[in-house]
Each structure stands twice: as C-alpha cells, then as structure tokens.
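Here is a short walk through one model.

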Amino acid sequence: MNHDLIERNVGLMAVLTAVAISFGGLVEIVPLMNQKSATEPAVGLPMRTALEVVGREVYLREGCYNCHSQQVRSLAEEVLRYGPASQAGESAWDHPFQWGSKRTGPDLARVGGRYSEEWHRLHLTNPRDVVPESNMPGYPWLNKAKVESGEAAAMMTALRRVGVPFTDQDIAAADASTVDHTHMEALIAYLQTLKVPQPPVASPAAAETPAADTAQPAAEAAPADATSAEPAAEAKP
Ligand code: HEC
C-alpha cells in the first residue's frame with residue numbers, strides 16, 4: 001500500500017495503528033497467560049494471616065507505594081542490593097499487586113526479616129530517629145489506631161472473591177487474632193512477610209524425629225563453636 005495514502009488519511013492511520021498495537025500486545029501477553037510461573041502461586045507462598053492482611057491494607061491506604069516498589073528487577077545491581085529477582089507467582093495473593101518503578105525509597109520486596117519489629121516501629125513513627133537523613137514521612141498515628149472488629153474479616157472476604165483461598169474458618173477466626181493489635185503492629189507484621197517464599201522442607205519424616213533434627217546441625221556446628229582447641233585455632237584467622 002502507498003505510504004502517502006495512509007499518512008494523509010487520519011481514519012485509516014488510526015485503524016492501522018490500533019491493529020499494529022493490538023498485535024504487538026497479544027504477542028507479548030498471550031504467551032504469559034499460559035506460562036505456569038506467571039499464573040500460579042509461587043511454590044511455598046504462604047497465605048497471609050488476618051493481621052498481615054490488615055497490615056497490607058494499611059500499606060495501601062497510607063500510600064507507601066507512592067515511594068516504594070515491590071519488584072526486584074533481574075539486573076545485577078538490583079539482585080546484589082535487594083536479593084533474587086521478583087517472580088509473578090510471589091504476588092498471587094496480592095490484589096492489587098505492588099510491582100512498579102516508583103522508588104523515592106528503596107524497593108521493599110525483600111525487606112522482611114532485614115530489621116527487627118522494634119526498628120520498624122521507631123522508623124515508621126519517625127524515620128529520622130533511626131535514619132537521620134531520611135525524607136520519609138512519619139506515621140505516628142498508626143500506634144494508636146486499634147484494629148476494629150470485623151475489619152480483617154471484611155478484607156479477607158473481599159480477597160476471597162478475587163481468588164485468594166481463605167476458608168470460612170480463617171475468616172471466622174480473624175477477629176480473635178487482630179482486635180487487640182494496632183495498625184502499626186499489623187503493618188509491621190505485613191512488612192516482615194516481604195521475602196522470597198521458602199519451598200516446604202523436603203522430608204517431613206526427618207523433621208518429626210527430634211533426634212535426627214538436632215544431631216545433624218550439632219555435628220555441623222561443632223567446629224564453629226570453638227569449644228575444642230583444634231577447630232578454634234583453625235577458625236581464628
Ligand atoms: C515520600 C516518600 C516515602 C513514603 C510515602 C514512604 N516512604 Fe518508606 N522510605 C522512603 C525513603 C526515602 C527511605 C530511605 C530512608 C529511610 O530508611 O528512611 C524509606 C525507607 C523505608 C524502609 C526501609 C527500607 C530499607 O531497605 O532500608 C521501610 C521498611 C519503609 N520505608 C517503609 C515504608 C512504609 C511501610 C510506608 C507507608 C506507611 C512508607 N515507607 C512510605 C520514602 C518514603
């Protein structure tokens with residue numbers, strides 16, 4: 001077809017542009033729909049507890065995502081700084097997921113376990129108390145706001161509607177494990193879940209026998225314990 005004809009005819013140009021973009025989109029998106037790693041929960045992905053569900057809601061409500069992504073890209077410098085690159089299956093229970101590129105602050109996808117709960121409490125109450133140069137806002141009111149009765153259950157019911165497999169028992173028990181807690185505690189509990197899912201331990205039989213459980217680590221740990229002279233000498237330098 002004559003290029004001139006397309007470029008002088010806005011209607012035709014619009015139609016052909018739409019066709020080109022749709023084709024490109026389909027080629028990129030459709031294969032992902034059939035790829036297990038993109039459609040199924042990651043192996044070992046734990047369900048969130050009621051308190052963690054409330055914490056995630058606080059995270060969304062307070063707009064933490066305006067400054068923090070939860071997506072480690074597969075670039076060497078990101079993997080070195082944060083940890084293994086994010087996989088789609090890790091966000092299977094997250095509606096909406098928190099991937100993104102807005103990083104006024106660091107990525108939080110692997111922040112779970114990096115700091116103590118007390119550190120988080122101080123940091124979220126007033127970030128300058130622990131990171132003097134921080135320009136993150138404080139969220140002191142979260143220390144006072146108690147989780148209300150029915151709050152967690154409502155969120156879990158909504159999440160179940162979009163595919164998170166909470167059971168009736170999970171939802172019925174939600175109040176019992178949340179109402180005595182503050183929104184700060186809920187948020188921290190949620191932050192501590194942000195890490196690479198750990199696949200279940202290979203042999204449950206071995207874990208059940210206390211003897212086998214303790215014997216192996218003890219044998220391995222002995223040289224590092226530095227209780228006997230020989231390994232200690234080796235370990236010192
Ligand atoms: C205006 C931008 C901004 C907002 C909004 C914001 N943060 Fe931050 N955050 C930062 C910056 C900048 C840092 C790095 C300095 C520091 O540690 O305080 C940071 C650091 C952090 C860290 C430590 C990360 C690490 O790896 O050291 C955590 C955890 C965190 N923020 C959680 C939150 C949570 C939860 C919220 C919402 C309640 C939030 N942030 C809202 C900007 C922001």
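The shell around the ligand holds 13 nonpolar, 7 polar and 1 charged residues. This is a predicted model. There are 21 residues around the ligand, and the nearest are Cys64, Cys67, Gly105, Ser134 and Met136.

Next, the backbone. Most peptide bonds are trans. The bond from His95 to Pro96 is cis, with omega near 0°. Look for Pro96 in the loop between α5 (76-82) and α6 (117-125).

Now the helices. A packed pair is described by the angle between the two axes and the distance between them. Take helix α4 (residues 50-61) and helix α7 (residues 151-161): their axes come within 9 Å and cross at roughly 85°. Angles of 65 to 115 degrees count as roughly perpendicular, so α4 and α7 are roughly perpendicular to each other. On the α4 side, Ala50, Val53, Val54 and Glu57 make the contact. On the α7 side, Glu151, Ala152, Met155, Met156 and Leu159 do. By class, this contact has 7 nonpolar, no polar and 2 charged residues.

α6 packs with helix α9 (residues 183-191) at an angle of about 120°, and the axes are 10 Å apart. α6 and α9 are therefore oblique to each other. The crossing of α6 past α9 is right-handed. From α6 come Glu117, His120, Arg121 and Leu124. They meet Met184, Leu187, Ile188 and Leu191 of α9. The contact of α6 with α9 divides into 5 nonpolar, 1 polar and 2 charged residues.

Technical notes:
Residues are numbered from 1 along each chain as its sequence is written. This is a predicted model: local features need pLDDT of at least 70, side-chain atom pairs count only at pLDDT 80 or more; totals for chains, interfaces and linings use all residues. A residue is near a molecule or strand if its C-beta atom, placed from the backbone, lies within 6 Å of it. Ala, Val, Leu, Ile, Met, Phe, Trp, Tyr, Cys and Pro count as nonpolar, Asp, Glu, Lys and Arg as charged, and the others, Gly among them, as polar. Helices (H or I, at least four residues) and strands (E, at least two) are DSSP runs, numbered from the N terminus. Axes are lines fitted to C-alpha atoms, for helices over the stretch in contact, and angles run from 0 to 180 degrees between N-to-C directions. Angles under 35 degrees count as roughly parallel, over 145 as roughly antiparallel, 65 to 115 as roughly perpendicular and the rest as oblique. Two residues are in contact if their C-beta atoms, placed from the backbone, lie within 7 Å. A crossing is left-handed if the near helix is turned anticlockwise from the far one by less than a right angle, and right-handed if clockwise.
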